[in-house]
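Try each task yourself, then check the worked solution.

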Amino acid sequence: MAERVKEVAVEEADRLKALTSDAARSGAYLYPIRGIAYFVSHKSLWKPLTSKLAPTVTLGLGITTFMFVFTYLPQAAIMAFTSGPLAAISAGLLVLSESSTLITILSKNFLIEDALIDTFDGTLMSKNTTDLLSEGRQIKAGGDPMAKLGKLLKKPLVKFTPKAMIRYLMYLPLNFIPVVGTVIFVLLQGKRAGPAAHTRYFQLKRWNESQKEKHIEQYRGAYTGFGVAAVLLELVPLASIFFAFTNTVGAALWAADIEQQHITKEGTAPKLREQAKNAE
């Protein structure tokens, strides 16, 4: 039995190592960074974010206050055994990260879903991928990409389910393991978040489940790399909603590269692959 457990552990370690290597080689983790730069330099893409700023800020303050009042002390007590004298600081950072995650999950499902779709579509419009975009919404005459977005013909059929929250709560205790636990936590979250970022793209392509799974599996490393970078950004306290929008821009830029066939065998733009290689 012990030998079997060891064998499975080695196999999982090798699989994780290969996935991490593929993610690094693909350079897809740079798309969220590109998303920040592109978002900041294209003011027309700010409209969906600014229109939802007031309710998301209110939600964020409420959740952060609740989390500190009810969860800070219990977590600080647990972390006293793992972080020693740094427990107070570590617990505070953990609560902020937990709050950011909860804010992002609830906002995406109840407050900013349509705004994120508009941001994704507006980015595609700015990259002249109108043939793809016309599959999911009307396109109007207008001066800037956002003004050209007409009525939605279809939107991703992703309804809120407790699965994401349950999965997050299941993985959360990993953060009590210094360094290694947090790395595993982010990797697991990123593996799911990567493909989720292209939900709108898959819909515009009219792909069925089999086609989506084939595509995701082909570029599993790239999607994991993107997802890890996106999750890390959305864990930044007090900035998670901003990064939710910039990550959406990054996902749309990646989709535009795929459509325009500006990709390598790893599924990403050649320049990104070059940048990733230089960073190794």
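## Exercise 1: Confidence

Task: find which helix of the protein chain has the lowest mean pLDDT and which has the highest.

Solution. Among the elements of the protein chain, helix α14 (residues 270-279) has the lowest mean pLDDT, 59, while helix α2 (residues 31-41) has the highest, 97. Here pLDDT is the predictor's confidence in each residue, from 0 to 100, and helices are DSSP runs of H or I with at least four residues, numbered from the N terminus (strands are runs of E with at least two). The chain as a whole averages a pLDDT of 85, and 83% of the residues score at least 70. Where pLDDT is low, the predicted coordinates should not be read in detail.

This is a predicted model, so local features need pLDDT of at least 70 and side-chain atom pairs count only at pLDDT 80 or more, while totals for chains, interfaces and linings use all residues. Residues are numbered from 1 along each chain as its sequence is written, and side-chain values use heavy atoms, with hydrogens and water left out.

## Exercise 2: An aromatic pair

Task: describe how the rings of Tyr-223 and Trp-254 sit relative to each other, and say whether Tyr-223 is buried or exposed.

Solution. Start with the total: the structure holds 11 aromatic pairs. Rings of Phe, Tyr and Trp (its six-membered ring) pair if their centres lie within 6.5 Å; planes under 30 degrees apart count as stacked, over 60 as edge-to-face and the rest as tilted. Next, Tyr-223 and Trp-254 form a tilted pair, 4.7 Å centre to centre with 40° between the planes. Tyr-223 lies in helix α12 (residues 220-234) and Trp-254 in helix α13 (residues 240-259), so the pair ties together parts that are 31 residues apart in sequence.

Now the burial. Tyr-223 is buried, at a relative accessible area of 1%, and Trp-254 is buried too, with 1% relative accessibility. (Buried means under 20% relative accessible area, exposed over 50%, partly exposed in between, using a 1.4 Å probe and protein chains only.) Finally, zoom out: ring pairs link Tyr-31, Tyr-201, Phe-202, Trp-207, Tyr-223, Phe-226 and Trp-254 into a cluster.

## Exercise 3: Leu-49 and its surroundings

Task: work out where Leu-49 sits and which residues it is in contact with, leaving aside neighbours within four places in sequence.

Solution. Leu-49 belongs to helix α3 (residues 47-51). With 11% relative accessibility, Leu-49 counts as buried. As for Thr-119, 70 residues apart from Leu-49 along the chain, the two C-alpha atoms are separated by 8.4 Å.

How values were computed
Contact means heavy atoms within 4.5 Å.
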